[in-house]
Amino acid sequence: MKRISKLTLAGALTLAAVPAYAAGTANGVYTEAQAAEGAAVFAERCAMCHGKQAEGTWEVPALKGKFMGNWGRESLAALSDYLARAMPQFAPGTLEPKDNGRLVAYLLKINGHPAGAKPLPEDHAALAAIRIDPLAATAVK
Amino acid sequence: MSRQNWYPQANLARREMLRGGAALGAVGALSACSAGKVASAGPAPRRPYLTPMRVTPDQLIDMKCCIRPVRAAGPNLGTQMIGDTLVVHNYGHGGSGWSLSWGSAEVAVGKALSVLPSEIAVVGCGIIGLTTAVVAQRAGLKVTIYTRDVIQRTRSFRAHGSFTPDSRVALSAPAGAGFGDLWEQMTRLSWKGFRSMLGLPGDPVVFQDAYALSDAPPVKKHHDADPAIKGAWEPGGLPLQESEWAHFMDRIKDLVPDPVMLPTAENPFPVAYTRRSSEMHFNFPSYAHHLLTEFYQHGGLMVMRDFNDPSQYGQLKEKVVINATGYAARDLWRDKTVFPVRGQTGWLVPQHDAPYSLRYKNASLMAKNDGIVVMNNPIDLGEMFGVGDSMELADPAPILEVMKIVEPIMAGMKGIA
């Protein structure tokens, strides 16, 4: 029990140091329709490097599995900004803002985060308030 | 592995040149001559210089036997909860464990990463467990291996150890249409993993020439179903015939070099037909050394222990556990979909001046750092050989039998034309 309280304390300190998240991806922050649109964008703009199943290669990062190791506990705004800024690598900055959001939805879906009733917000502040949650152990397939 | 005898003519020319001016003059004279005469005849046919392997019975220094852990549906990469512990499975790779090790580890570690653990456990320290542990460390995780044996005493060390990624990896029907894509993903990733180990000290991974010898023109093997055999694999059972096995090598044709038939003038063996291909293999002692060294350098911890029941996974302090127990999973996890396919190897004294592989009739020989590995694989039985057989004691008789078949081949080898 002592250990748990220490962890709680550490968690509280961390929370104090970074902006508090209003929501997490475990709560269903995108819609199935957005993810389906994202799949089409992915097939056209991303799959040639990251693989049809987003499986990656030895050189190119997989966008599932290891992806969570890279992006877990970050905000959706950080992920969205990165896509907008740096992807696709051969033509960075060319994703339409709307497609960018669809891709975020698709990436959440293929990494096991549930869809919900509301679409992903488009404004930056709202995305910054959503954390990419670790999956619950029972959700790992 | 020394290759200094590989091109003896080139070595000879180099020695001549080193002798100085007089020899250089002679080379010059030869060049002038070849411009007019020799060049028009094309390059003279040349047999590759190969040292015959010593295959007499006294050379047999070791016998090993192991069971391939085959699952009809392919390796188990699924997940399950034991109490509050997430178990990610990574076992049941048939005859493809070494070959799929990097790719399969990537899949399992990816699943483990999705709950963002800082540390994980790996159960088992065969080639799958140890590779998985290293891949997890490379992804930033702290890893403890729990195992009853270190890799040198596992079944992985009793394998053949060559790149055969679709060897008894699954049966087509139960594996389903989707497995091919996963297989290809794991195979391509593994290929890159092996490429990254080529040329390391001790040659953990090696490419070498392999010769397939035959008295009649070689024919491509087909796996047509025998209509006389009724039925097929059923859950908990065994395949009934060879056509049930899945084959995927066509998917990686772009990676694997094509075989070529040797013209008679270049055939060093006393048979009518010799086909040369490139094979890639793994030298167990140095491969294990490299992986273990990396594991410990990353701060890995190895705990020696056995498990009798899956519930014990839930008692580990790590709440994410990758289960890489190979054939042992059949008993430990009561997974009766794992069935045994026995294989055994004989090991001849290492012969570093004969770095090649050879197949003739039922005999298969492959020179490795720790010995020439000999197998007796009955061609008629193909991948059905050993199915359902869990006798893990070695029997030297079939190995000695094929050594006898190969003996006259070695005695009749021709030198340079």
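This is a predicted model: local features need pLDDT of at least 70, side-chain atom pairs count only at pLDDT 80 or more; totals for chains, interfaces and linings use all residues.
Biologist: Which residues make the contact of α3(B) and α6(B)?

Modeller: From α3(B), they include B:Trp102, B:Gly103 and B:Glu106, and α6(B) brings residues including B:Met186, B:Leu189 and B:Gly193. Sorted by class, this contact of α3(B) with α6(B) has 5 nonpolar, 8 polar and 1 charged.

Biologist: At what angle do α3(B) and α4 of chain B cross?

Modeller: Roughly 45°, with the axis of α3(B) coming within 8 Å of the axis of α4 (residues 127-138). An angle such as this makes α3(B) oblique to α4(B), and their crossing is right-handed. Among the residues that meet are B:Trp98, B:Ala105 and B:Val109 in α3(B), with B:Ile128, B:Thr131 and B:Val135 in α4(B). The classes in the contact of α3(B) with α4(B) are 10 nonpolar, 5 polar and 1 charged.

Biologist: Now for backbone angles. Which value does phi of B:Leu116 have?

Modeller: First, the general idea: most residues other than glycine have a negative phi, and most peptide bonds are trans. Here, B:Leu116 has a positive phi, near 55°, and is not a glycine. Look for B:Leu116 in the loop between α3 and β4 (119-123) of chain B.

Biologist: And which residues does a cis peptide bond join?

Modeller: Turn to chain A: the cis bond joins A:Met87 and A:Pro88, with omega about -15°. A:Pro88 sits in the loop between α5 and α6 of chain A.

Biologist: How do α5 and α6 of chain A pack?

Modeller: Helix α5 (residues 76-86) and helix α6 (residues 97-110) of chain A pack at about 125°, and their axes are 10 Å apart. The two helices, α5(A) and α6(A), are therefore oblique to each other. Their crossing is right-handed. The residues that meet include A:Leu79 and A:Leu83 in α5(A), and A:Leu103 and A:Val104 in α6(A). By class, the contact of α5(A) with α6(A) holds 6 nonpolar, 3 polar and no charged residues.

Biologist: How many residues does the contact take from chain A and from chain B?

Modeller: In general, the size of an interface is often given as the accessible area lost when the parts come together. Here we can count residues: 20 from chain A and 17 from chain B. On the side of chain A that touches chain B, the division is 7 nonpolar, 8 polar and 5 charged.

Biologist: What ipTM and pTM does the predictor give the complex?

Modeller: An ipTM of 0.84 and a pTM of 0.87. For chain B, the average pLDDT is 90, and 88% of the residues score at least 70. Over residues 1-40 of chain B, however, the pLDDT is below 50, and this stretch has 19 contacts in the model beyond near neighbours in sequence.

Biologist: Which domains does the domain assignment give for chain B?

Modeller: Domain 1 covers 8-38 and domain 2 covers 57-411. The C-alpha centres of domain 1 and domain 2 of chain B lie 48 Å apart.

Conventions
Residues are numbered from 1 along each chain as its sequence is written. Chains are lettered from A and ligands numbered from 1 in the order in which they are written. Axes are lines fitted to C-alpha atoms, for helices over the stretch in contact, and angles run from 0 to 180 degrees between N-to-C directions. Helices (H or I, at least four residues) and strands (E, at least two) are DSSP runs, numbered from the N terminus. Angles under 35 degrees count as roughly parallel, over 145 as roughly antiparallel, 65 to 115 as roughly perpendicular and the rest as oblique. A crossing is left-handed if the near helix is turned anticlockwise from the far one by less than a right angle, and right-handed if clockwise. Two residues are in contact if their C-beta atoms, placed from the backbone, lie within 7 Å. Ala, Val, Leu, Ile, Met, Phe, Trp, Tyr, Cys and Pro count as nonpolar, Asp, Glu, Lys and Arg as charged, and the others, Gly among them, as polar. Domain bounds come from an automatic or database domain assignment. pLDDT is the predictor's confidence in each residue, from 0 to 100.
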